[in-house]
Amino acid sequence: MNMIPSPRLHFFILGLSPLPSYSSESSNVARATQQLFSPTDIMASGNHHKGRFLSCLAIFRGKVSVAEIEAQMNNMRNRNSPDFIEWAPNNIRSTVYSPQSTDVSCTVLANSTSIEGMFSRTSQQFLALYRRKAYLNPYTINGVDELDFTEAESNLNDLIEEYQQYQDSSCA
């Protein structure tokens, strides 16, 4: 499976289910799958309600059935189809690591357009510092040209636009 639909879109977010807690509540495949794509279980800040998944790899651990995992992942994709891009039909994959002594848990590695928000915040913070020429001295002393900062900003803005393009389009 290709987790990266475009060479520049190679930034992943991580999700965990169930999140470690102090309760002794057990989990099953259905519950883990439901929680896995919940914004509260994604380990990156951003507007995950607005973002769309380009690709996902779910890694299940514990005493689980591969057939049950496939059924739950298909149900989840069908219920949440607007959250996934349409032009990549097999963009959710799963695998199982099954040590017999563990409860059911899951980790998802996802390529999502919601990471664009993090890049936008970084760009805004950079601009605020760069306008004041804050913290440039250590870089310029060591041979970094100010034009390199402008080029990096341009590259970041291009990346943000590409993520927004994939978020807003229904086909590529």
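**Figure 1. Packing of the buried residues of helix α5.** In this predicted model, the buried residues of α5 pack against strands β2 and β4 and against helices α3 (116-131) and α4 (137-141). Helix α5 itself spans residues 146-168, 23 residues in total. From its first C-alpha to its last, α5 reaches 33 Å, close to the 33 Å expected at 1.5 Å a residue. Its buried positions are Phe 149, Glu 153, Leu 156, Leu 159, Ile 160, Glu 162, Tyr 163, Tyr 166 and Gln 167. One of these, Glu 153, has its C-alpha atom 9.9 Å from that of Gln 124, although 29 residues separate the two along the chain. Gln 124 belongs to helix α3. With a relative accessibility of 56%, Gln 124 counts as exposed, whereas Glu 153 is buried.

**Figure 2. The four-stranded sheet.** The sheet is open and consists of 4 strands in the order β1-β4-β2-β3, with mixed pairing. Strands β1 (13-17) and β3 (92-97) stand at the edges; each has a single partner strand, so one side of each is left without a neighbour in the sheet. On average, neighbouring strands are turned by 15° against each other, direction ignored. Strands of a sheet pair through backbone hydrogen bonds, in either a parallel or an antiparallel sense. Here β1 and β4 (residues 105-112) pair in the antiparallel sense over 5 bridges.

Figure 3. Most peptide bonds are trans. Pro 18 lies in the loop between β1 and α1.

**Figure 4. Helix α1 across the sheet.** Helix α1 (residues 29-36) lies across β1, β2 (53-61) and β4, and runs at about 145° to β1. At the start of α1, a side-chain oxygen of Asn 28 reaches to within 3.2 Å of the backbone nitrogen of Ala 30. Val 29, Ala 32, Thr 33 and Leu 36 are the buried residues of α1. These residues cover an arc of only 100° around the axis, which puts them on the same side of α1. The partners against which they pack are β1, β2, α2 (66-79) and β4.

**Figure 5. Helix α2 and the position of Gln 72.** Helix α2 has 14 residues and reaches 20 Å from its first C-alpha to its last, close to the 20 Å expected at 1.5 Å a residue. The buried residues of α2 are Ile 69, Gln 72, Met 73, Met 76 and Arg 77. They cover an arc of only 135° around the axis and are therefore placed on the same side of α2. The face turned away from this buried side carries the exposed residues Ala 67, Asn 78 and Arg 79. The buried residues pack against α1, β2 and β3. Gln 72, for its part, has a relative accessible area of 18%. Apart from its neighbours within four places in sequence, Gln 72 is in contact with Val 29, Ala 30 and Thr 33. At the start of α2, a side-chain oxygen of Ser 65 reaches to within 3.3 Å of the backbone nitrogen of Ala 67.

Figure 6. Most residues other than glycine have a negative phi. Lys 133, however, has a phi near 60°, a positive value, and is found in the loop between α3 and α4. The relative accessibility of Lys 133 is 43%, so this residue counts as partly exposed. Tyr 135 has a phi near 65°, likewise positive, and lies in the loop between α3 and α4. Tyr 135 counts as exposed, at 64% relative accessibility.

Key. Residues are numbered from 1 along each chain as its sequence is written. This is a predicted model: local features need pLDDT of at least 70, side-chain atom pairs count only at pLDDT 80 or more; totals for chains, interfaces and linings use all residues. Side-chain values use heavy atoms; hydrogens and water are left out. Two strands pair if DSSP finds at least two bridges between them. Helices (H or I, at least four residues) and strands (E, at least two) are DSSP runs, numbered from the N terminus. Axes are lines fitted to C-alpha atoms, for helices over the stretch in contact, and angles run from 0 to 180 degrees between N-to-C directions. Contact means heavy atoms within 4.5 Å. The expected span of a helix is 1.5 Å times one less than its number of residues. Buried means under 20% relative accessible area, exposed over 50%, partly exposed in between (1.4 Å probe, protein chains only). The arc is that of the directions from the helix axis to the C-beta atoms. A polar contact is a pair of N or O atoms within 3.5 Å; within protein, one must be able to donate a hydrogen and the other to accept it, and residues adjacent in sequence count only if both atoms are side-chain atoms.
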